[in-house]
Amino acid sequence: MRKFFGAKVVQASKADSPGTSGSTSRRTVTAASRSNLTRPQPTWAPARMRDGLSVRSLTDLEVSQKRDRLSVDLLRGEKWWTVEYSKKYKGLTQMFLNTVQGGDPQGLFDMCRNSPWHADTLLQMAQVFRHREEHAQSVDFTDRALFAVFFLAIHRQAADLQRRGCLRTAFEFARLMYSLDPWGDPHGALFHLDYLVFKAGMTDWLLEVFKLFSNWRQDKAYEAARLDPSILPGWMYARALAFKVNSKPEEAAAALVDAVNAFPAVVPVLADKLEVSLPLRFAATVILGLKWTAVMHLLCHLYVQRSLPVWKDHAAWFGETITQHFSTPPASIAVNSVREAFLKIYGHEQLRYAAYRHIMVLEYRTLFQYIPRLILAQKSLDCDPLPPPTAVTSYDAAFFEGVEIPTMSRRQMERRLALMIPDAAARAQFEALYAVPRVAAMFPGGILQMVQALQDMPAELMEGMQAAMVELQMGVGRWRRAEWEEPEEAEEEDYETDEEEQQEDEEADVEASMALAAPFRAISNWVVRGIWGTPQAEEAESSEEERDLTGDID
């Protein structure tokens with residue numbers, strides 16, 4: 001019908017036909033809520049419910065403090081902004097943290113129903129669905145977080161668009177993310193763009209940006225705390241490939257030589273993936289002896305891992321250029337200004353954190369070896385993978401001071417506990433443990449707080465707590481006093497009777513101790529098993545380990 005009558009006639013016919021009032025109302029609802037980043041769905045909550053977050057410009061004092069933290073000067077016309085939480089929004093955030101720390105997925109669903117535009121909850125829900133491999137639902141919640149205006153959501157959206165093959169759209173999202181903070185680039189948008197420019201046909205844009213920053217770096221005093229794309233390994237190699245794609249062979253060869261001189265560590269990794277032979281002694285003469293850092297290795301390997309597909313059609317040119325210009329070993333390794341600028345700029349901790357955060361958000365686990373262990377060991381949330389080291393606020397007691405947390409009814413608490421610990425017997429043991437006055441005093445927030453705390457409790461501390469509780473209930477002091485007292489000499493005929501009574505007392509003590517220890521064993525099993533269950537592979541490994549320890553009994 002569109003072929004013969006046109007789309008407008010068909011749409012008008014649908015609008016006039018009966019039975020379309022529902023669809024018309026849905027289109028009205030959708031049209032009433034517009035966004036440049038997402039397409040609001042009829043199932044979403046009304047946009048007017050988006051409250052609690054506000055944006056304001058920094059005061060002169062705050063700007064001065066920020067300049068000191070970042071070691072930068074304010075450029076002409078530059079203005080900085082911050083986001084503020086309302087008291088109600090802080091209360092929702094505190095409730096969200098309690099829910100996440102308790103490993104309670106149902107609590108997240110409840111929060112989404114009662115507070116549909118809480119950004120942290122939406123991002124956490126997106127990750128829950130992603131781990132379940134329900135990508136459609138994950139994308140929907142990421143879209144909602146975008147509609148609620150959140151930085152991390154743009155990063156995850158750009159990554160998901162690449163997974164779906166929407167590369168030009170992914171490029172635009174990455175470019176938007178970069179424009180929000182080009183000097184710090186806290187989520188590593190530049191590490192997306194050096195690959196996406198080729199898939200999106202935007203190589204001219206990369207060359208223009210590279211030239212702009214290169215000139216800026218040479219024309220004025222270089223501020224090492226501001227990120228410069230022209231000194232990144234990926235951008236230097238991408239620039240050479242961009243000239244090659246644009247049919248500029250001379251510029252391409254010169255740019256590739258510059259990239260190799262600055263960051264030669266990319267060459268052997270890329271050559272190995274492309275199956276290209278390198279000149280003899282290239283690695284020994286060009287790579288060894290240079291000053292390298294973990295973050296430099298990280299970015300070199302990141303570029304090869306992501307941009308390998310765009311180099312496959314140019315493998316022969318890459319090998320020929322390297323062979324032509326680096327077949328003769330240099331007498332000495334010259335100091336490279338680009339490499340020195342890179343080392344200087346990444347001497348600032350907040351910029352290294354940006355690279356680490358990029359890897360952690362995308363979960364490139366093969367590159368985790370280049371991230372310090374102390375950073376990987378930090379507890380973090382999916383809604384905030386790696387807070388910046390220069391942050392002035394965090395989700396701590398000072399942030400939530402004076403905030404009232406919405407409370408749950410007894411029925412809701414029982415249902416929540418049943419969802420967290422489905423096994424009724426195990427749940428009864430937890431309740432028995434919380435019934436001990438000493439334990440209840442330790443967790444004034446209730447049994448859910450106890451479960452949340454015990455989930456993160458180290459094994460040795462749990463064992464110590466178990467021993468303390470057994471000692472508290474059984475009165476170990478009685479046994480110790482018995483050891484101090486001198487035993488009376490027993491008559492020979494009553495010896496067997498006393499021995500039987502002592503054995504009965506010991507058996508009763510052991511049974512009571514085991515009964516008291518049962519809740520702790522349940523806790524240990526629950527903590528090891530985790531809220532999401534133990535994979536079968538891990539259970540199989542444990543069984544094999546037990547067989548190795550106990551041996552086969554014929």
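Me: Asp160 first, then: buried or exposed?
Reply: Asp160 counts as buried, because its relative accessibility is 13% and the cut-off for buried is under 20%. Keep in mind that this is a predicted model.

Me: OK, and which residue does Asp160 form a salt bridge with?
Reply: With Arg164. The closest N and O atoms of that pair are 2.9 Å apart.

Me: How does Arg164 come out on accessibility, buried or partly exposed?
Reply: Partly exposed, with a relative accessible area of 40%.

Me: How many salt bridges does the structure hold?
Reply: Seven. One of them is between the side chains of Glu84 and Arg56, at 2.4 Å from N to O.

Me: Where do Glu84 and Arg56 sit?
Reply: Glu84 is in strand 2, which covers residues 81–85, and Arg56 is in strand 1, residues 53–57. They are 28 residues apart, and the pair links distant parts of the chain.

Me: And what about accessibility for Glu84 and Arg56?
Reply: Glu84 is partly exposed at 33% relative accessibility. Arg56 also counts as partly exposed, at 26%.

Me: What are the accessibility values for Arg175 and Glu172?
Reply: Arg175 has a relative accessible area of 25%, so partly exposed. Glu172 is at 29% and counts as partly exposed too.

Me: Which residues do salt bridges with shared partners join into one network?
Reply: That's Arg56, Glu62 and Glu84.

Me: Changing topic: where is Phe243 found?
Reply: In helix 13, residues 233–245.

Me: Why is Phe243 called buried?
Reply: Because its relative accessible area is 12%, and buried means under 20%.

Me: Which residues is Phe243 in contact with, leaving aside neighbours within four places in sequence?
Reply: Leu207, Lys248, Glu251, Ala252 and Ala255.

Me: And how are Phe243 and Leu256 placed, what separates their C-alpha atoms?
Reply: Those C-alpha atoms are 9.6 Å apart, with the two residues 13 apart along the chain.

Note on methods. Residues are numbered from 1 along each chain as its sequence is written. This is a predicted model: local features need pLDDT of at least 70, side-chain atom pairs count only at pLDDT 80 or more; totals for chains, interfaces and linings use all residues. Side-chain values use heavy atoms; hydrogens and water are left out. A salt bridge is a side-chain nitrogen of Lys or Arg within 4 Å of a carboxyl oxygen of Asp or Glu. Helices (H or I, at least four residues) and strands (E, at least two) are DSSP runs, numbered from the N terminus. Buried means under 20% relative accessible area, exposed over 50%, partly exposed in between (1.4 Å probe, protein chains only). Contact means heavy atoms within 4.5 Å.
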